[in-house]
Amino acid sequence: EMKRKIIIIGMLLILFIATTVGGNALLKKFQGEDEFKQAGTGMAEAVSALNEAGGRDNSSDLAEYVGEVEGERISKLYFEVRYYSYKSNPLNYEDPKQEAWNSIKLEFWEKHFAEAKGIAPTLEEIKEYVEYTAGEYDATDEGRHLISAYADGMGMTVREYWEYNKKYQAPAAVTHGKVSRYLENNGLEAPSYDEIESKITDKEYFDLLT
């Protein structure tokens, strides 16, 4: 039972970085490989496009961006990975594009906050997080099957998935943990989504998403 809770918490971080989805809801929904594969499959095309672009986002073409958060441009490639993670999720979010945008707003606020406070994660901390999380999945038959289904849905081997995780997902997850602890230790609270400086710069593109 404890191992299952650890696995669920790990997938919570993997699938819903910087969100407030409850673990109990996941326990009810994520019961097997089909759900994990579905979640991965829904993201596969967007993840592939982001990987092919090398994660670089130095284009001067404004048409390639969905918006800005605290002055930092958010590419459509990056946004679509998050959007499809919500859209394909068994939790059936009512407004996946808004949920995705809110999570990115909080992610980039946390990134900038961590940098300002000198608590941004080191490469070693990110590596340790990935190794620990991967180890937790590998520790049980259930975990191995679930992460394998998720990676397969994304069109990756499990090894390729963890490399992807280390590059794109783990930094945000580790930052989220460090910022959360800092806020708690200092009696502070994260801002509401509305309080984070942001704007959708391609509203036509955003509005066409369902």
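The chain holds nine helices and three strands. Read from the N terminus, the order of elements is α-α-α-β-β-α-α-α-α-α-β-α. Of the 210 residues, 47% are buried. Among contacts between residues at least 6 apart in sequence, 75% join residues at least 24 apart.

The average pLDDT is 83, and 80% of the residues score at least 70. The highest value belongs to strand β3 (residues 198–200), at 97, and the lowest to helix α2 (residues 23–29), at a mean of 42. Over residues 1–30 the pLDDT stays under 50, although the model has 72 contacts beyond four places in sequence for this stretch. Where pLDDT is low, the predicted coordinates should not be read in detail.

Strands β1 (residues 65–69) and β2 (residues 72–75) pair in the antiparallel sense, with four bridges between them. The two strands form a hairpin, and two residues separate them. In the turn, Glu70 has a positive phi of about 50°.

In soluble globular proteins, nonpolar side chains tend to be buried together.

Helix α8 spans residues 158–185 and is kinked by about 55° at Gln169. The kink lies shortly before the proline Pro171. After α8 comes Gly187, with a positive phi near 65°.

The model contains eight salt bridges. In one of them, the side chains of Lys111 and Glu72 meet at 2.9 Å, N to O. Lys111 belongs to helix α5 and Glu72 to strand β2, so this pair ties together parts that are 39 residues apart in sequence. Lys111 is partly exposed, at a relative accessible area of 31%. Glu72 is likewise partly exposed, at 25% relative accessibility.

Another salt bridge joins the side chains of Glu107 and Arg82, at 2.5 Å, N to O. Because Glu107 lies in helix α5 and Arg82 in helix α4, the pair ties together parts that are 25 residues apart in sequence. Glu107 counts as buried, at 10% relative accessibility, and Arg82 is buried with a relative accessible area of 10%.

A further salt bridge, between the side chains of Asp141 and Arg144, has an N to O distance of 2.2 Å. Both residues lie in helix α7, three residues apart, so about one helical turn separates them. An α-helix has 3.6 residues a turn, so residues three or four places apart point the same way. Arg144 counts as partly exposed, at 34% relative accessibility.

Note on methods
Residues numbered from 1 in each chain as written. Heavy atoms only, no water. Pairing = 2+ DSSP bridges. Bend = angle between axes of the 7 residues up to and from the residue. pLDDT = per-residue confidence, 0-100. Contact = heavy atoms within 4.5 Å. Salt bridge = Lys/Arg side-chain N within 4 Å of Asp/Glu carboxyl O. Buried < 20%, exposed > 50% of the residue type's maximum accessible area, 1.4 Å probe, protein only.
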